[in-house]
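Dear colleague,

Please find below the structure that I am handing over to you. The findings follow directly after it.

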Amino acid sequence: MTSPDTEKLHFTTKLAYGAGDFGPAIAANILVFYLLFFFTNVAGLPPGLAGSILMIGKISDAINDPIVGVLSDKTRTRWGRRLPWILGGMIPFALFYSLQWIIPSFSDDLTANRWGLFAYYVIIGILFNIAYTTVNLPYTALTPELTQDYNERTSLNSFRFSFSIGGSILSLILYILASIAYPDDPQTRFFILGLSCSILGIIALLWCTLRIQEKGREPILNLSQKKQVGTVLIGVSILGIIYAIFRLIPATSTFLGGSGNIDYISFFSILSSLLLLGFGCSLLLAKVEDHLVNQEAQQTRQDNQEQTNLSFFQQLKIVFNNRPFLFVIGIYLCSWLAVQLTASILVYFVVSYMNLGEDTSGLVALAVQGTALIMLFLWQAVCQKLDKKIVYFMGTLIWIIAQIGLFLLQPGQVTLMFILAIMAGFGVSVAYLIPWSMVPDVIELDELETGQRREGVFYAFMVLLQKFGLALGLFLVGVVLEAAGFVEQIPGEPIPTQPETALFAIRIAVAPLPAIILMVGLILAYFYPITREVHSEIRLKLKEKHQGEREQL
């Protein structure tokens with residue numbers, strides 16, 4: 001043996017897998033960019049209280065991750081370990097996401113009402129995060145089960161993050177259109193936005209679960225059923241597109257409540273119809289992946305079922321004894337702490353420091369995410385030639401320059417602000433692509449050393465530590481803003497002018513702090529030990545080990 005076998009995936013499989021991240025991404029992106037702003041400038045909560053809500057939500061989310069990870073590893077159904085979790089969690093995910101954007105009234109007393117809102121958002125946040133984990137964590141653990149090919153995994157992740165970044169971009173367009181549709185009614189704007197993202201999320205998650213098949217398991221729909229459902233979905237999508245077109249034609253728009261121009265309803269109708277069209281076509285053109293159903297796949301299924309279940313603490317010990325995994329955790333934490341710190345404070349930076357409208361913050365975020373989507377394909381191609389950590393270095397260095405430039409930016413330099421946003425997108429794309437494509441390599445190293453596959457555990461602990469870090473970061477942002485004298489907006493009143501101390505705190509949080517965190521990530525990436533050659537050696541040893549075990553049976 002000179003090289004491990006390739007496990008190529010069909011295009012429709014990659015497309016459906018990528019769609020699975022569209023739902024969580026389109027929902028999470030609005031949360032990242034606007035939930036803190038919603039709490040302070042729409043619901044009227046002080047920033048310290050708002051930051052505490054986010055911290056409690058993230059900590060509860062982090063606690064959920066290892067529990068769901070272990071349970072999904074132990075799940076045994078005819079459809080596999082992961083897909084039933086996604087299928088069962090999607091409705092609660094959509095329901096609690098929508099409820100996060102409601103502002104109930106608990107009392108006429110301002111202080112009492114604030115504490116009532118605090119309790120409401122904490123409870124809804126905890127429930128939403130449980131539902132989010134049951135959907136997203138099993139989904140992320142599907143990657144190593146679909147293919148073991150080094151380059152194919154990078155390609156699979158490029159599809160995933162194309163949908164993820166695409167969902168983020170589309171969510172920002174929806175926000176901009178909602179801002180235009182409801183300029184003086186932010187409560188309605190955010191509720192409609194939340195409801196729309198929930199619907200789109202369910203469509204995307206169904207696309208993934210009904211098309212994907214786990215290794216050695218039965219698909220939820222057989223080929224005949226997929227073709228039948230696909231035909232119906234294509235028909236429904238065509239009707240939706242026709243409806244949107246008639247809303248855009250001046251002669252017919254008035255009969256459908258349209259204005260003859262692109263508006264929120266028309267855009268949402270087109271977007272949901274295109275999603276259904278892709279869903280239907282991928283079912284109609286579905287093919288069976290040979291390496292997921294052959295004799296080796298069936299044997300792998302049997303081996304996994306016969307493995308001894310380790311306790312939570314035994315698995316925790318194994319995870320943290322895996323040295324490369326610790327580097328991946330650090331790289332991922334640094335990357336996403338930088339992303340989410342910048343994203344959560346960006347709207348304040350644009351509105352309060354740059355003195356621009358709220359919709360402009362959506363355009364800035366759009367520049368970042370749009371560039372990240374384009375660069376994702378370039379970085380994926382570069383990964384075919386270079387090690388993953390080298391690609392991470394290239395993108396992150398450009399990103400750090402952009403972060404420093406944001407701190408030096410002055411009000412009125414709008415063009416420069418968008419140039420820096422585009423530069424940041426070069427780095428954000430590697431934050432999506434590289435850490436997640438490293439995790440399957442680490443899982444196979446663990447399998448070589450222990451003889452067991454625990455995808456759910458590794459993915460869970462990776463996200464757990466990341467969320468603890470984010471919880472602390474978001475809490476500190478809220479506390480620092482309040483300590484710096486940030487003035488929250490009273491519902492229905494104009495956006496208040498912020499003192500110089502609050503503006504300086506916003507600038508620190510949006511630029512130098514993320515840049516320092518990214519530098520730490522670069523140091524960790526430098527010492528990451530699994531190169532392309534090392535991974536190939538791991539796979540060869542694994543194949544040899546599996547063949548030896550089967551010959552002994």
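Helices here are DSSP runs of H or I with at least four residues, strands are runs of E with at least two, and both are numbered from the N terminus. P84 counts as partly exposed because its relative accessibility is 24%; the class of buried is under 20% relative accessible area, exposed is over 50%, and partly exposed is in between, with a 1.4 Å probe and protein chains only. Leaving out residues up to four places away in sequence, P84 touches T77, W79 and E214, where contact means heavy atoms within 4.5 Å. The C-alpha atoms of P84 and T134 are separated by 9.6 Å, although these residues are 50 residues apart along the chain.

Two remarks on the origin of these values are in order. This is a predicted model, in which local features need pLDDT of at least 70 and side-chain atom pairs count only at pLDDT 80 or more, while totals for chains, interfaces and linings use all residues. Residues are numbered from 1 along each chain as its sequence is written, and side-chain values use heavy atoms, with hydrogens and water left out.

The chain as a whole

The secondary structure of the protein chain consists of 22 helices and zero strands. Of its 553 residues, 59% count as buried. Among contacts in the protein chain with a separation of 6 or more, 83% join residues 24 or more positions apart. The protein chain exposes about 21200 Å², of which carbon and sulfur atoms supply 68%; such accessible areas come from the Shrake-Rupley method with a 1.4 Å probe, and for residues only the protein chains shown count as cover.

The nonpolar core

The largest nonpolar core has 154 residues, and within it F39 and Y121 touch the most other members. A nonpolar core is a set of buried Ala, Val, Leu, Ile, Met, Phe, Trp, Tyr and Cys residues joined through side-chain atoms within 4.5 Å. The helix that gives the most to this core is α15 (residues 323-353), with 21 residues.

Neighbours within four places in sequence aside, F39 is in contact with G44, L45, A50, I53, L54 and Y121. A50 counts as buried because its relative accessibility is 0%. Beyond residues up to four places away in sequence, A50 touches L36, F39 and T40. A50 and F37 are 13 residues apart in sequence, and their C-alpha atoms are 8.9 Å apart in space.

A pair of helices

The axes of helix α8 (residues 186-211) and helix α11 (residues 264-284) come within 9 Å and cross at roughly 5 degrees. These axes are lines fitted to C-alpha atoms, for helices over the stretch in contact, and angles run from 0 to 180 degrees between N-to-C directions. Helices α8 and α11 are therefore roughly parallel to each other, a term that applies to angles under 35 degrees, whereas over 145 is roughly antiparallel, 65 to 115 roughly perpendicular and the rest oblique. The residues in contact include I192, L193 and W207 of α8, and Y264, F268 and F279 of α11. By class, this contact has 16 nonpolar, four polar and one charged residues. Here Ala, Val, Leu, Ile, Met, Phe, Trp, Tyr, Cys and Pro count as nonpolar, Asp, Glu, Lys and Arg as charged, and the others, Gly among them, as polar.

Three further residues

G166 belongs to helix α7 (residues 150-181) and counts as buried, because its relative accessibility is 14%. Apart from residues up to four places away in sequence, G166 touches F22, F161 and L373. G166 and L373 are 207 residues apart in sequence, yet 6.7 Å apart in space, C-alpha to C-alpha.

N355 lies in the loop between α15 and α16 (358-383), and at 57% relative accessibility N355 counts as exposed. Most residues other than glycine have a negative phi. Phi of N355, however, is near 60 degrees, a positive value.

K385 is found in the loop between α16 and α17 (388-408). K385 is exposed, with a relative accessible area of 71%. The C-alpha atoms of K385 and R532, 147 residues apart along the chain, are separated by 9.6 Å.

Yours sincerely
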